[in-house]
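Trainee: I would like to learn how to read a structure like this one. Could you take me through a few features?

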Amino acid sequence: MRDVGAPALMSFRDLTRRKSRPVPEAFGPPLRSNKRLKEILGRHYFLSRYVPGAKKVAWVTSGAPVELLRAFDFYTIYPENHSALVGAKKNGAEYCSIAESDGFSQDLCSYARIDLGHMLSGKSPAGKLPRPDLLFCSNNICQTVIYWYKTIAHELNIPLIHFDAPFVSTKQSEADVRYMAQQLLDMIPILEQVSGNVFYLNDFETILSRSQETSQTWGTILQTMRAKPAPMTIFDAFGHLAPIVSLRGLPVAHDYYNILLEELEERVALGIGAITEERYRLIWDNIAVWYKVRFLATFFAERKMNFVTATYTNAWAETTCHLDVKDPWSSMAKTYGQIILNNNLKHRMGLMRDMIKNFEVDGMVMHSTRSCKPYSVGQFDLRRALGAELNLPAVIIDADIADERVWSEQQIQTRLEAFCETLEDAAHV
Amino acid sequence: MIPNRSEYLKQQALQGQKIMGVLPALYPKELLWAFDILPAEIWDPPGDIVKANRHLQTTICPIVKQSLEFILTEPGIVNAGYLFPHTCDSLQNLGSQVKDMIGVPVPVYTFYNPKGNFNKATRAYYGDILNEFLQVLADVHGPPDIEKLRAACELGLKIDGRRIELQQARMTDRLSLNSQQYFQLIRAAEFMQPVDYLYLLNQVEIQDEPLKSHAIRFLISGILPPNDMTLSFLDDLGIGIVAEDLLAGSRRIPIATLDPPADPIEYLTDRFFLLPPCSTKAGSLDHRQQYLKKLASDSKAQAVLFNIVKFCEPELFDHRSLVKSLKNEGLPVLSLETELLPGLSGQTQTRIEAIVEMMGDEVLA
Amino acid sequence: MSNALFAGVDVGSLSTDVVLIDSAGATRAEVVFPTGINGAEAAQKAYDLALEQGGISRDQIKAVIATGYGRAAVAFASGKTTEISCHGVGAHHLFPDTGTVIDIGGQDSKVIQVDGRGRMLDFSMNDKCAAGTGRFLEVMAAQLEMNLNELSDPRHVSGESVQISSTCTVFAESEVISLLAKHTPREQIINGLQRSIVNRIWSMVISIGIQGEITITGGVAKNKGLVTVLEEKLGMHLNVPDNPQTVGALGAAHIAQRGFKDE
């Protein structure tokens, strides 16, 4: 559930300024919605400059139950997005080394190092991020975020609210749900105090149901990629994921996905694919390699291969079925406690098996990332098990989400080429 | 005096003892004792990593890798299952890997340790977790005997009490053990029967008067103590480790003695919330900083040694802020990174000697 | 007392260096000798050569301090000190206003903070990997089919540069191979390599903090290109000794002299 929607999210300013790069022949026509997406995100980040003084600012992790913050009218910033943006601009190493020279080990998560580098230096490719009044994190995506956020809390001397989400080893127990629900209730007085706003259950319910609808639309959007050819690539979806992550619960995100869905359905009806010829359909596992998105997209498109599904784009659609406006606290515990990264590998295996079948996937690319242990530990076994069970060619590339210093192009290119050969051989048998 | 770990466990297994392999770090031992299960902890079993490389990337911490190697090559002494307490992201996933993907011939259990800043909800939840775990064990080993559980807690209380006494004695130079011996004693808790271990602890003599003080007094923090070669190198240089803040050591001993257990679940809950600040519980940094500063001043430590396991996120995050605050107090800090291999590299020797020279100069000045 | 002499012996991974000084602190002999596989033997030979070079008899030497990785193997030494202390003292002797010493050796690099008397206040040292050390440059020079002198040419760092992003020596090597395959000009690759190593060193310097003048020691200090880039990055002038690789031995000789005085 680590956030992936950053580049489209914040690099809009660059994109509008510079002439758009020619689309390589291998790709189909770009989505019309891209323009709308850029407007929405542009506005959100533009407004953030004028927020201090007007609204309280919260820095939030991608898996946190942000609906609760919305009820207090916090302006939310997602540092994971910001770090992904820095990574996409190939500035990851620079920000990381600022954190490293302050004593943070280079073995730590690069999203965290980039964000700490940003905090220490004030640097940002997105202009300026508003200083937080509150930090809000949940370890449902990783334990790392607690360490990261408590370091910021310590440095900036601001309150940190942590939502402890017990890992689901077999199944979520009643005690787990009770504990999480109680934590949410206990947050209300603190949020009232920090925001200066009063909590109204009615407002919260509206936000919650809007959030749920939005997530469901997002799920339907992902389902359109079951069509052959798929109307977009997973690399497009990385970008269009931004509103569901960072604007979830707001009307703008809700409305946007209806527009996007309409366009995708239209493309499916007309048979317009994301790549000009889709011969093989792939699944992507783990967070993007932000500084190599273009390289990877082109590499596969040129070989007539399209990524039609991914484990994490799915994360914002998977568990929202549990949301229930009539029972907000327990249902939020179920929704946020059971997401893919807070769930056992058996669950993940089942999810991936379904995705591979439903999306008629021919091969799997797994990104083993140094930064993210919850996403990466277990990939070797998942690959073997899925490969054996479904006779699925698969490859693992060893890289990082945002620190380009660990990328070895030669090694990775060789691996990917070998994978493509296997895929083609398998298809010819 | 201290038995060899694998010999001891082999003997226990031969006698028909139920043995559970337990991964780091925090879990209610007393519950296992009450079911006549001996926990045998797996931290850094020696040996080359071969089979584990099939399942884990190169950038995973050596505790995780060595533990998995042990599990994959274990000769059958572990007969009552494995327990994976929730410690960090890597061990969390390893538990699921072993249980759901790799498979072992014995049951695999997990135990969640709450994270973050604790409050009333955390306390209630921890009680629930204890009761759930009790039920899980009862399903396999029969209904729990409450008297036995109370007795186990009383035994645990005695061990904790003696450990606290020994820690105090160490700080005040009233133990005639060198660092290597001291850590062997502490780490024997990882595999010995509680009765045997209490006996061993009681055998250690606490002097009435302080012995000659060490040339240089160190406080150590980290997951595990350095290996034996490094410890004896420190001993030879006249460095005395007078206090420790190790996950395998004092971070698992309450900061104060408790009352005798009336209700065992209440007692174990109290005990958990009285454990010192620890990176794996992810509490506030301020709290940990204050705790370490106090430990340094109580033990009159002149320097702090961080023994960092490579790729250990919980420790590495806190490390940066702890180093800063200790240096601000004027305490020299030495950080060593370990991959848990035997031996002592030239670089490590140089680092240790350099800090001694640095402090020696300060003493001269 | 006036003809009392003192020796510093630095047994490093590549070379064994001996410096002899008199009681006024003036250098009387200086030898750089390849360490080879036997550090003890190299130390003895280098020491003999130094005595011969200075026309000095063995009994004039009042104290010998051994330093470097092979310091324990120097049988004739009267004491041993880490190269970290020695580089601090040596740099202070050459440039008395030194507050920060950057020592880049073959196997590791260190940043040392010293006080007004050259005594170490704090230090940091690279981790086990070879990035940011002389070894990194050696591997790259071999790949580029040039010697270290050619690689060090400051002209290479003035023009365009390519980004060498990998810090891992093995990965960086493969990056260089692929850049060469794409016919990237060698100067640009060299420039990229120098900048990559400087980034690592810069990070260490910042982590410990800069105070006073900065002196760079160790064999890599002879790499003019690297020094230029590092000065650029730090925005400060660096003191570069004439013989940067013998600063450790020089410091050891001064420590020998100090210790002798103390007795």
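Trainee: In which helix do Phe235(A) and Phe238(A) lie, and how many residues apart are they?

Mentor: First, remember that this is a predicted model. Both residues are in helix H11 (residues 234-240) of chain A. They sit three residues apart, about one turn of the helix.

Trainee: How are their rings arranged, stacked or edge-to-face?

Mentor: Look at the angle between the planes. Over 60 degrees counts as edge-to-face. Here the angle is 80°, so the pair is edge-to-face. The centres are 5.5 Å apart.

Trainee: Is Phe238(A) buried or exposed?

Mentor: Buried means under 20% relative accessible area. Phe238(A) has 2%, so it is buried. Phe235(A), at 13%, is buried too. Both belong to one aromatic cluster, whose members include Trp284(A), Tyr312(A) and Trp407(A).

Trainee: Now the two chains. How much area do chain B and chain A bury between them?

Mentor: The size of an interface is often given as the accessible area lost when the parts come together. For chain B and chain A that is about 4,400 Å², with 55% of it on carbon and sulfur atoms. Met101(B), Phe317(B) and Arg320(B) supply 17% of the area that chain B buries against chain A, more than any other three residues.

Trainee: How many salt bridges are there between chain B and chain A?

Mentor: Six. One joins the side chains of Lys310(B) and Asp107(A), at 3.0 Å from N to O.

Trainee: And how many residue pairs are in polar contact between chain B and chain A?

Mentor: The count is 31, with both residues at pLDDT 80 or more. On the side of chain B that touches chain A, H4(B) gives the most, with eleven residues.

How values were computed: Residues numbered from 1 in each chain as written. Chains lettered and ligands numbered in written order. Predicted model: local features only at pLDDT ≥ 70, side-chain atom pairs only at ≥ 80, totals over all residues. Heavy atoms only, no water. Buried area = accessible area lost by both parts, 1.4 Å probe. Salt bridge = Lys/Arg side-chain N within 4 Å of Asp/Glu carboxyl O. Polar contact = N/O pair within 3.5 Å; in protein donor to acceptor, adjacent residues only side chain to side chain. Helix = DSSP H or I, 4+ residues; strand = E, 2+ residues; numbered from the N terminus. Phe/Tyr/Trp six-rings, centres within 6.5 Å; stacked < 30°, edge-to-face > 60°. Buried < 20%, exposed > 50% of the residue type's maximum accessible area, 1.4 Å probe, protein only.
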